[in-house]
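I opened a new notebook page for this protein. I will go through the structure entry by entry and note what I look up.

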Amino acid sequence: METDIKVALGLYGVLSSRPFHVEPRNIVGDDPQERVSAEAAILNSRVHYYSRLTGSSDRLLSPPNHVIPRPEEIYIYSPLGMAFKVTGSDASSRNPSIITIFAIWNTMMGTSILSIPWGIKQSGFTLGILILIFTGLLMLYCCYIVLKSPKAIPYVDTSDWEFPDVCRYYFGKFGQWSSLVFSMVSLIGAMVVYWVLMSNFLYNTGQFIYNYAHNVNVSDSEYGTNGSDKVICPFARNDAANHTHGTVDLGGGGNGTTDFSSFEHWWSKTNTIPLYLIILLLPLLCFRSASFFARFTFLGTISVIYLISLVTYKAIRLGFHLEFHWFDSTKLFVPEFRLLFPQLTGVLTLAFFIHNCIITLMKSNKHQENNVRDLSVAYLLVGLTYLYVGVLIFAAFPSPPLSKECIEPNFLDNFPSSDVMVFVARTCLLFQMITVYPLLGYLVRVQMMGQLFGNHYPSFCHVLLLNIIIVGAGVLMAKFYPNIGSIIRFSGATCGLALVFIFPALVHMISLKRQGALSWPSAVFHTFLILLGIANLVAQFFM
């Protein structure tokens, strides 16, 4: 994603010995109509002159320090459509290792965490744990290749490069455009998952509020457990009684049933809620700037911490329910090894995916020599978080009376809408996704419009058409195929094929070959990575 938000700035030109350019446009300052001053124009000409004297690999004729403006005089033009003043040097703005580690953890944590218990159920408890550990190590290694790939290019200043630039260096226009396409798959796939989840959370939130306001008691005892911590099996209820919603006890008057039926008609998870979201989110996607929504990214950390607390509390209340049947399933338990395990590998490919923005995240690390260590620690924390949530939800799922097959792709669906703690979790996640969704749309717009038109906001009509297509995809999936597990595994396996397996492995082998250091074990191993990525995608179509 970092390629989508890469800034075009004057300092960029100085550091890479490319022409320094000050655009004749308004800049943010005390005067909204302030334009580039004569002094800045002279500075532009001087740096431009020096940049003509040298190539990117020759440092002898680089612009001297007295030509480069002081930090407080540098303006950075960003894709957000504004110019920002640099307030300090690079060293002062860099983060310690602990901040970098948790930034990676926060960035990698996403909606995939809701599907980890379902993925473990699909692959079997024992095999699921092994696959999660193996996939995490594999994704870490590929991410390490991506992180070091710019530094492996000799005689070229790659300090401002991202991985798509590396792909363009090795594979030309094909590498650039293919990385764009697969990045679009990951972004739009995430937006579709968000739309399905927002429809789900909004439906259950409205259901909780309506039931509480009208004193409606929905009993799920026929298809779930009894007690204060109920766990339900939604698909069993839907298959057995499409005409009813459990046992409804209305404390009101005679027309209560009619009112409830009317509410169910206009508040439908698949028929109406996905359309209601258009009214809220389509205008937000058309905002020229996404800086307002970026202020709410901290909500992701709060939501994940609350989810971990919720899972811990539910596991303590429900206890563990495990039986080990290695290859044969029983009425209530699944085997430890199942042939559906590629569904988990598809989910994990997206769950551990951070390869397209890891270079940008690591640039802000104060101690660059610790990048590999910090990346490894971040992956360890992410893996432990997924393992913790997945294992606890699977183990605590009450079998008997319910079957482990009842675990949903969104494990929150296994709790009734009347559960107060789950209601809080859904509400927090809903608000978080409403703020993150426009950011994802902004990244899609910047990447696609920038490549096609050379402008991040060519016109309102262009942006509106793109947003209608993206929103339409989300609405259609939420209405006809609201299975986030399958959406995540397909998008993860597709984007992972190129950006996790093929391009990093090829880049690494080509780099080693040019250095004369490519050995046959290394070639075999990295070829195996490519075949593994292809098999991961192909297997999704047979599950």
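**Entry 1**

I began with Asp165, which is buried, at a relative accessible area of 7%. Buried means under 20% relative accessible area, exposed means over 50%, and partly exposed lies in between (1.4 Å probe, protein chains only). Arg168 is partly exposed, at 38%. I found that the side chains of Arg168 and Asp165 meet in a salt bridge, 3.0 Å from N to O. The term asks for a side-chain nitrogen of Lys or Arg within 4 Å of a carboxyl oxygen of Asp or Glu. Side chains of opposite charge can pair when their charged atoms come close. Arg168 and Asp165 sit three residues apart in helix H7, so about one helical turn separates them. An α-helix has 3.6 residues a turn, so residues three or four places apart point the same way.

I noted how the model was made and read: it is predicted, local features need pLDDT of at least 70, side-chain atom pairs count only at pLDDT 80 or more, and totals for chains, interfaces and linings use all residues. Residues are numbered from 1 along each chain as its sequence is written, and side-chain values use heavy atoms, with hydrogens and water left out.

How many salt bridges does a search of the whole structure find? It finds seven. I looked up Glu405 and Arg338, whose closest N and O atoms are 2.9 Å apart. This pair links distant parts of the chain, 67 residues apart. Glu405 is in the loop between H15 and H16, and Arg338 is in the loop between H12 and H13. Glu405 is partly exposed at 33% relative accessible area, while Arg338 counts as buried at 15%.

Next I checked Asp374, which forms a salt bridge with Arg373 at 3.0 Å between the closest N and O atoms. Asp374 is buried, at 0% relative accessibility. Arg373 is partly exposed, at 46%. I also found one network of salt bridges that share partners, joining Asp229, Lys314, Arg317 and Asp419.

**Entry 1: The whole protein**

I stepped back for the totals. The protein has 19 helices and five strands. Helices (H or I, at least four residues) and strands (E, at least two) are DSSP runs, numbered from the N terminus. Of the 543 residues, 50% are buried. The accessible surface is about 25200 Å², and 66% of it belongs to carbon and sulfur atoms. That area comes from the Shrake-Rupley method with a 1.4 Å probe; for residues, only the protein chains shown count as cover.

**Entry 2: The cores**

Which residues have the most contacts inside the largest nonpolar core? They are Met198 and Tyr437, in a core of 113 residues. H7 gives the largest share of this core, 17 residues. A nonpolar core is a set of buried Ala, Val, Leu, Ile, Met, Phe, Trp, Tyr and Cys residues joined through side-chain atoms within 4.5 Å. A second, separate core has six residues, among them Tyr203, Val216, Phe263 and Trp267.

Beyond its neighbours within four places in sequence, Tyr437 is in contact (heavy atoms within 4.5 Å) with residues including Met191, Tyr194, Trp195 and Met198.

I also looked up Tyr210, in helix H7 (residues 163-213). Tyr210 is buried at 12% relative accessible area. Tyr210 and Phe263 are 53 residues apart in sequence, and 8.6 Å apart in space, C-alpha to C-alpha.

**Entry 3: Helix H19**

H19 covers residues 520-540, 21 residues in total. It reaches 31 Å from first C-alpha to last, close to the 30 Å expected. The expected span is 1.5 Å times one less than the number of residues. Its buried residues include Ser522, His526 and Leu529. Their cover includes H6, H13 and H18.

Most residues other than glycine have a negative phi, and most peptide bonds are trans. I found a cis peptide bond between Ser399 and Pro400, with omega about -5°. Another cis bond joins Pro400 and Pro401, with omega about 10°. Pro400 lies in the loop between H15 (371-396) and H16 (420-453). Tyr155 has a positive phi, near 65°. This residue is in the loop between H6 and H7. Tyr155 is exposed, at 74% relative accessibility.
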